[in-house]
Amino acid sequence: MKIEILVGDVLDTPADVLISTANPWLQMTGGVNLAIILRPRGELVHEELQRYLPDTHPRVVAPGTVVRTGPGSLPVKHILHTVAIAPSYDSSVELVASTITSALTQARDLGARTVSLPALATGFGPLSMEEFATALARATAQDWTPLDTLKVVLRHQADAETVRDVLR
């Protein structure tokens, strides 16, 4: 699988599957998920995501959970909402690597060829961009055939350089 490190808006990046950020409550209140809900038909994605939660309390999912929804108005076929943080907003390289691995497995099972991904656990989560890149390197070390391209889309050129340096 080819890995492209891009600078821009992951929501505008065409792909078969978008791997998005999510919190343990599956509330679209921050990061990439907040940006999704602000887009046209984003409320449909939020409603679909909320149906995943049980009717009992507490209304949280375990760290490492990946939940699939439709695309709303995004240029993808599916969104995989990944919980790469604990309810305390703690995370680790290991958790992010296993979450990316789970999401890539689902994307492959969905027949995806191209997947887009923002940095996970680096906003509300405590990881540095270097730690995210280390997790990404671990998760992508295996053969992901027939996945063709993973587009890692970051907001800043400096972050892209950090990820490229770690992946080298």
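Predicted model: local features only at pLDDT ≥ 70, side-chain atom pairs only at ≥ 80, totals over all residues.
On the H4 side, the contact is made by Met 129, Glu 130, Phe 132, Ala 133, Thr 134, Leu 136 and Ala 137, while H5 contributes Asp 159, Thr 162, Val 163, Val 166 and Leu 167. Sorted by class, the residues of this contact are eight nonpolar, two polar and two charged.

Helix H4 also packs with helix H3 (residues 93–109), here at an angle of about 45° with the axes 8 Å apart. H3 and H4 are therefore oblique to each other, and H3 passes H4 in a right-handed crossing. From H3, Val 93, Glu 94, Val 96, Ala 97, Ile 100, Thr 101 and Leu 104 take part, meeting Glu 131, Phe 132, Thr 134, Ala 135, Leu 136, Arg 138 and Ala 139 of H4. The class count for this contact is nine nonpolar, two polar and three charged residues.

Elsewhere in the chain, Asn 33 is worth a look. This residue lies in helix H1 (residues 31–37). Because its relative accessible area is 2%, Asn 33 counts as buried. Its side chain is joined to that of Ser 20 by a polar contact of 2.9 Å. Neighbours within four places in sequence aside, Asn 33 is in contact with Ser 20, Thr 21, Ala 22, Met 28, Leu 49 and His 81.

Conventions. Residues numbered from 1 in each chain as written. Heavy atoms only, no water. Helix = DSSP H or I, 4+ residues; strand = E, 2+ residues; numbered from the N terminus. Buried < 20%, exposed > 50% of the residue type's maximum accessible area, 1.4 Å probe, protein only. Polar contact = N/O pair within 3.5 Å; in protein donor to acceptor, adjacent residues only side chain to side chain. Contact = heavy atoms within 4.5 Å. Nonpolar A, V, L, I, M, F, W, Y, C, P; charged D, E, K, R; others polar. Axes fitted to C-alpha atoms, helices over the stretch in contact; angles between N-to-C directions. Parallel < 35°, antiparallel > 145°, perpendicular 65-115°, else oblique. Left-handed = near helix turned anticlockwise from the far one by under 90°.
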